[in-house]
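Subject: Structure for your files

Dear colleague,

Here is the structure I promised to pass on. My notes on it follow below.

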Amino acid sequence: MALALAAFCVPAWAAGDTGQAAFERGDYAAALKDWGARAQSRQDPDAELGLGKLYMDGLGVRKDERRGIEWIRKAADKGQADAQTLMGVLYGAGRGVAQD
């Protein structure tokens, strides 16, 4: 079962989110750059979710579900609701984690 995460979960991004704007226009390299910087420097849960989706679907990066799950889980642990929902979907589908 294919599960395209990019289309599944559309979080309520903050206004002026450069990474999200880049993602929406298909510029995944720019999204990766913005979200990566924000995730590292500010531990921003929206940026962590964005990074997770890029890695899970191989958008602008080599597909790496383990790494994608790590980023999504970080965001979920910080209370990011879309990341929490997505983790439930991933567990239900058994994608990148043991099916539960």
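**Helix H5**

Helix H5 covers residues 65–77, and at 1.5 Å a residue its 13 residues should span 18 Å; the end C-alpha atoms are 18 Å apart, so the two agree. The expected span is 1.5 Å times one less than the number of residues, and helices here are DSSP runs (H or I, at least four residues) numbered from the N terminus.

The model is predicted: local features need pLDDT of at least 70 and side-chain atom pairs count only at pLDDT 80 or more, while totals for chains, interfaces and linings use all residues. Residues are numbered from 1 along each chain as its sequence is written, and side-chain values use heavy atoms, with hydrogens and water left out.

Buried residues in H5 are Gly68, Ile69, Trp71, Ile72, Ala75 and Ala76. They line one face of the helix, because down the axis of H5 they fall within an arc of 165 degrees, taken from the directions from the helix axis to the C-beta atoms. On the other side of H5, Arg66 and Asp77 are exposed. The classes rest on relative accessible area: buried is under 20%, exposed over 50% and partly exposed in between, with a 1.4 Å probe and protein chains only. Lys74 lies over the face of Trp71, 4.5 Å from the ring centre; the criterion is NZ of Lys or CZ of Arg within 6 Å of the ring centre and within 35 degrees of the ring normal. Just after H5, Gly79 takes a positive phi of about 90 degrees.

**Aromatic residues**

A search of the whole structure finds two aromatic pairs. Rings of Phe, Tyr and Trp (its six-membered ring) pair if their centres lie within 6.5 Å; planes under 30 degrees apart count as stacked, over 60 as edge-to-face and the rest as tilted. Phe23 and Tyr28 form an edge-to-face pair, 5.5 Å centre to centre with 65 degrees between the planes. The rings of Phe23 and Trp35 have centres 5.7 Å apart and planes at 40 degrees, so this pair is tilted. Phe23 lies in helix H2 (residues 18–24) and Trp35 in helix H3 (residues 28–42), so the pair ties together parts 12 residues apart in sequence.

Phe23, Tyr28 and Trp35 form one aromatic cluster. Phe23 is buried at 10% relative accessible area, Trp35 is buried at 0%, and Tyr28 is partly exposed at 26%. Lys53 lies over the face of Phe23, at 5.2 Å from the ring centre.

Arg38 is in helix H3 and is buried, with a relative accessible area of 11%. Its side chain is joined to that of Asp44 by a polar contact of 3.0 Å. A polar contact is a pair of N or O atoms within 3.5 Å; within protein, one must be able to donate a hydrogen and the other to accept it, and residues adjacent in sequence count only if both atoms are side-chain atoms. Not counting residues up to four places away in sequence, Arg38 touches Asp17, Gly19, Gln43, Asp44, Asp46 and Ala47, where contact means heavy atoms within 4.5 Å.

Gln43 sits in the loop between H3 and helix H4 (45–57). Gln43 is exposed at 51% relative accessible area and has a positive phi of about 50 degrees although it is not a glycine.

Lys63 lies in the loop between H4 and H5. Its C-alpha is 9.8 Å from that of Lys53, 10 residues apart in sequence.

Regards

Notes:
Helix = DSSP H or I, 4+ residues; strand = E, 2+ residues; numbered from the N terminus.
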